[in-house]
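Today I wanted to look up some charged pairs. Here are my notes, in the order I made them.

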Amino acid sequence: MFDVGIVGGGAVGSAIAYELSRFRLKIAVFEKEPDVCFGASGRNSGVLHAGFYYRPGSLKAKLCVEGNKKMREWFKLLKVPFKATGKVLLAFDEDEVKELYKLKEIGDANGVEGLEVIRGRDKVNQICPGAGEAIACLYSPMTGIFSSYLLTIALAETAHQNGVKYFLNCKIVDVRKENGTFKLKDQRGERYECRWLINSAGVYSAEFSKIVGVNGYKIYPCRGEYLLLDKALAPLLKMPIYPVPSKEVGGALGVHITPTVEGPILIGPSAEYIDDPEGYESTPEIMNKLFEEGYKLWPYFKKSDVIRSFSGIRAKPVPPGEKSFFDFVIKEEESIPNFINLVGIESPGLTSAPAIARMVREIIERKEKLLIKEDFEPRYLRGERFEELSEEEKERRAKEDPKWGEIICRCEKITKREIIEAIENPLSAKTLASIKYRARAMMGRCQGGYCMPKIIEILEREFGYKPEDFQLHKEGSWLFSGRMRKDD
Amino acid sequence: MIERDVVIIGAGPAGLACAVKLKEIGVSDVLLVEREKKLGGILNQCIHDGFGLHNFKESLTGPEYIERYVERLKKFNIDVLSDTMVVNLFQDKSMILSGPWGRERIRAKAIVLAMGCRERTAGAIGLAGSRPAGIYTAGVAQRLMNIDNYMVGNEVVILGSGDVGLIMARRLTLEGARVLMVLEKLPYSSGLPRNIVQCLEDYGIPLYLKTTVTKVYGKARVEGVEYVSLDDDGKPIPGSERFVKCDTLLLSVGLIPENELSREAGVEIHPITGGPIVNDTYQTNIDGVFAAGNVLHVHDLADWASMEGELVAEFAKRYLEGELSKAKRWIDVKAGKGIRYVLPHKISGERDVNFLFRVDSPYKNRYIIVRDKDRVIKKRRVINLHPAVMENINVKSEEMKGIESLEVMVE
Amino acid sequence: MTKEMICILCPNGCNLVVYFDEKNPDGFKVENALCPKGKEYAQSEILDPRRTIATSVRVEDGEIPLVSVKIDRPIPKNKIFDVMREIKKLKLKAPIRSGTILISKVAGTEANVIATKTVERVK
């Protein structure tokens, strides 16, 4: 019997697990995918938002501003790559300038620090080289960029190291509450029990809420496509460049250009309502549109700079055409005590994750006293980046262990030791994507052309993988149909 | 810091040939660095024949071709550091080497870049649809099959008719997979004509020209692709969409010279070839840094890459001896009408040059002309010109006396 | 009869034009060949098309699990899959030296299967 069961191991679910793992609680996280960052947590802009888009007094506004501060502590503890870049919203005409002032007002009311409207092309370009013809900008110094999937992994693995149990490939399909205990069943028929149940199922949150017995929520999946540009362009872009937000899709921030902590530049996301909560597709129309809209904002790239496209799905609580503001739902459901529902956690959900976790903790604390665990270790004890060490240190280590000398991924210069560390992850996530997210291999220019066969060789020779064991990401994403020459 | 006379980065057909030649002509301090355990680069996985027809006058498989060089390498006792990656390269011709043996910074008097090329990926061509397992570049599939003993799929569509794709169509068929079709967006194949015959026609595999994949289906594994006919401008023809069920999509959509190290060192890169800009001594903008093989421009034959390596060996030797006098001036070589690119990019006019070039589309019964403005320096009739085939034309220094410009063109 | 074909003997890929009379095999005429082999190829391609193949054989205890192989002379095109079947059955133990004959006269043809790579033993 677990004290707390968390359904959904993404950034929010794992943030809750991490926060609660400070206390003497038995905690389980149920994740339907083979790893924790396969949904929105690994498919977004990776921006730490400041909080000036959201209605003053709303949860989105409060939790975003709180999360922005708390997240900076977490980045240090969890070794998450972060850059305090600041960000600009560019205005190209006077109407847009008016919008900037409105946003600044909202931001000020929300307690966002340092917002400034800057007028004049030269001044704008001084703050953000490459801003081009923009006549004004809203500069937000509190905005930054970070690796959202490494955050999610670090949260999950640190929570795990503090005793949280992660069940991967585990989709909860049935929930019953009997005598104050939630009885859960997964897709394989395995059963689990817990006293508290937390729904952080993201794009599936409305569906899961219904399974538990709370109807009335609906999620409208809204796809955002991205293009990824070669990191050779990175020196040209200092900070995220956003347009004035679009009024077309409720709350979407518009196609922006964002540097990433890994180097490649992101263009996107688009906003398009779709039926499939996992319709992670790239479409020719949107790819062209992103290229054009991105080029308008930042005309420093060409078609051949695009190294990849991908998409993510927002968990929007509002249907297409609905333009009014909808807030996060974070509450204990009155009809089902001890069931904490998190619905419609779209942007700025990632930035807000620490604050959401704090709120969830407080909801539990209203009913019971949580006892601090003396041996809680807040730091992520893995995730060191060899490439970031000094050359002297690299030489020392390469002498110490041949696996630190052997480079497996040439684009990102990842050592064999880092690959093996990623393979031996504490969550026992076994897919190639799990290695990719943790070690950053197969992500660079060649997209695994060089290192993928080498990683396969390591998995085969040192971890005994058989042809049928190799899985790219989702269940069923087999890599090989077998041996070319069979042994029998 | 250890200093070597010549460091060659990459032991594929260009690097190996360069190392052997350097020894042959008396340069004793040569270090050949290779990131794989085995020498030979990508030819180790090219188990088909057709290599060596020019350099050895017989048709060898990739591994046999490499063996010829490796034997000579051993005979000459050439210093080889395999299993070693050059992780950084600096303008002062120093570099950081890393391998299971450790990590060290060394310097070279002369460097030969011979890192080869890499494949264009699904992302780079803006492939639409989801990102399931089962999308492989042809070269990766080749390695997984021919070296690692894996079958990459059962029902295969190949996008792009580059040589590696064609070779893989045959390879997969021989191993029992069903290759359903090869799609090529251009009106002609970018592979060698012989490969069209012996890899596709022999096995009844259809090649659809002016056709491309518009969408990949499948969330976990490829379940099929949508393909479409293209009009003369390369735009999809509405209504021509068709669907084919398959579990694997192989991409053979181009090769890109691997110049991340070169860029890091400050070597100027040519926008068309993707390789360093070199003069008629195959030297880059950095003195003493040379380039040969696919890192310079993508060759159609390994033989040419090796020959380039040998040529560069001569220049590197003369550089070390201080005999590679600086040209008084450099004349930019222009790729004229019908020409995609010409190498070398700059000439002094003082040395014989074998210009290498590729045409921009197929031509029949034309003249290749080398000229200085209106003065024709050289003219040669050619029956067949094809973008997949690298062409060459030799010009003697006497013929270039007094030139002010130089252009190679098709007429 | 006239037939156009691409000579596949080397990467030049000459576009041959072949004039022939099926009743009179000696009356072959071949145009556009850059070398004399073009005529031989055209003749063989029309009368008795042949190919070489290259593939792999399983090796145990080797540094890699396969040794690349080829056949040392062209075989009739319709024998390709028979030969493949034979080769697939073969299993070897490392080390294998490049140039070793692994199967002689494979599948009733005149061709031998030869290793094209050296695979060292590791275990």
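I began with Glu457(A) and Arg461(A), whose side chains meet in a salt bridge, 3.9 Å from N to O. I kept in mind that this is a predicted model.

I then asked myself why these two are about one helical turn apart. Both sit in helix 13 (residues 451-463) of chain A, and they are separated by about one helical turn because they are four residues apart.

Next I looked up Arg358(A), which forms a salt bridge with Glu362(A). Their closest N and O atoms are 2.9 Å apart. I found this pair in helix 8 (residues 349-367) of chain A, again four residues apart, or about one helical turn. Arg358(A) is partly exposed at 21% relative accessibility, and Glu362(A) is partly exposed at 34%.

Glu133(A) is exposed, at 54% relative accessibility; Arg121(A) is partly exposed, at 42%.

Last, I zoomed out. I found a network of salt bridges linking Asp230(A), Arg410(A) and Arg445(A) with Arg118(B), Glu258(B), Glu260(B) and Arg263(B). Over all chains, I noted 97 salt bridges in the structure.

How values were computed. Residues are numbered from 1 along each chain as its sequence is written. Chains are lettered from A and ligands numbered from 1 in the order in which they are written. This is a predicted model: local features need pLDDT of at least 70, side-chain atom pairs count only at pLDDT 80 or more; totals for chains, interfaces and linings use all residues. Side-chain values use heavy atoms; hydrogens and water are left out. A salt bridge is a side-chain nitrogen of Lys or Arg within 4 Å of a carboxyl oxygen of Asp or Glu. Buried means under 20% relative accessible area, exposed over 50%, partly exposed in between (1.4 Å probe, protein chains only).
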